[in-house]
Amino acid sequence: MNDSCRRAIEDPEANAAHLQQCAPCRALFEELNTPISDARVQVRELPLAPWEGATYRSWPLVIAGAAAMLIAALALCAAVGLSPLRAISMGIGSTAIARSSLLTAADAVRNASMIWQIAFGALFLLVNTALVFLLRRAPRGIDA
């Protein structure tokens, strides 16, 4: 099988002249009993993997889930007797503690000695290099 045979198999309509000249390709299409116009497979959408549930999830399902979560949050706020805006402001206030501790840790690294800063930078590069190598490694399947 040469390149012209491969092209004729991939696109029989565009290479109909080849099928008239090449006996093995003509025999192949006659053996398959396939008309030349139906020789190519039409794939309109990709098949789902088994873990995807073999059904397409629609956007209305996602929107309904988000609406259910919003309704549950509003119901909890009403049950506690708290306005939703007050609940949001209380949530933002609790993140201030985490932010201040993160800034304190950053200041501690900035004020550390030069040797500790170099060690921290080297450790950062080492860990990220290891992660890059792990991500570039060929994955092993379940069967391997």
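The points below go from the overall fold to the core, the salt bridges and the surface.

1. Basis. This is a predicted model, in which local features need pLDDT of at least 70 and side-chain atom pairs count only at pLDDT 80 or more, while totals for chains, interfaces and linings use all residues. Residues are numbered from 1 along each chain as its sequence is written, and side-chain values use heavy atoms, with hydrogens and water left out.

2. Overall fold. The chain holds 6 helices and 0 strands, where helices (H or I, at least four residues) and strands (E, at least two) are DSSP runs numbered from the N terminus, and the pattern along the sequence reads α-α-α-α-α-α. Of its 144 residues, 7% count as buried, with buried meaning under 20% relative accessible area, exposed over 50%, and partly exposed in between (1.4 Å probe, protein chains only). Among contacts (heavy atoms within 4.5 Å) with a separation of 6 or more, 17% are between residues 24 or more positions apart.

3. Core. Which residues make up the largest nonpolar core? This core, a set of buried Ala, Val, Leu, Ile, Met, Phe, Trp, Tyr and Cys residues joined through side-chain atoms within 4.5 Å, has 6 members, namely Cys5, Ala8, Leu19, Cys22, Cys25 and Phe29. Helix 1 (3-10) and helix 3 (23-32) are the elements that give two or more residues to it. Leaving aside residues up to four places away in sequence, Ala8 touches Asn15, His18, Leu19 and Phe29.

4. Salt bridges. The structure has 2 salt bridges, each defined as a side-chain nitrogen of Lys or Arg within 4 Å of a carboxyl oxygen of Asp or Glu. In one, the closest N and O atoms of Arg6 and Asp3 are 3.4 Å apart; these two residues are 3 apart in helix 1, and therefore separated by about one helical turn. In the other, Asp107 and Arg110 meet at 2.6 Å, N to O, and they too lie 3 residues apart, in helix 5 (residues 84-110). Asp107 is partly exposed at 36% relative accessibility, whereas Arg110 is exposed at 56%.

5. Surface. The accessible surface of the chain is about 12700 Å², of which 67% belongs to carbon and sulfur atoms, with areas from the Shrake-Rupley method and a 1.4 Å probe, only the protein chains shown counting as cover for residues. Leu123, Leu126, Val127, Leu131 and Leu134 form a nonpolar surface patch with about 490 Å² of accessible area together; patches are made of residues with over 30% relative accessible area and no salt bridge, like charges being joined within 9 Å and nonpolar side chains (Val, Leu, Ile, Met, Phe, Trp, Tyr) within 5 Å. Val127 lies in helix 6 (residues 114-136) and is partly exposed at 43%.
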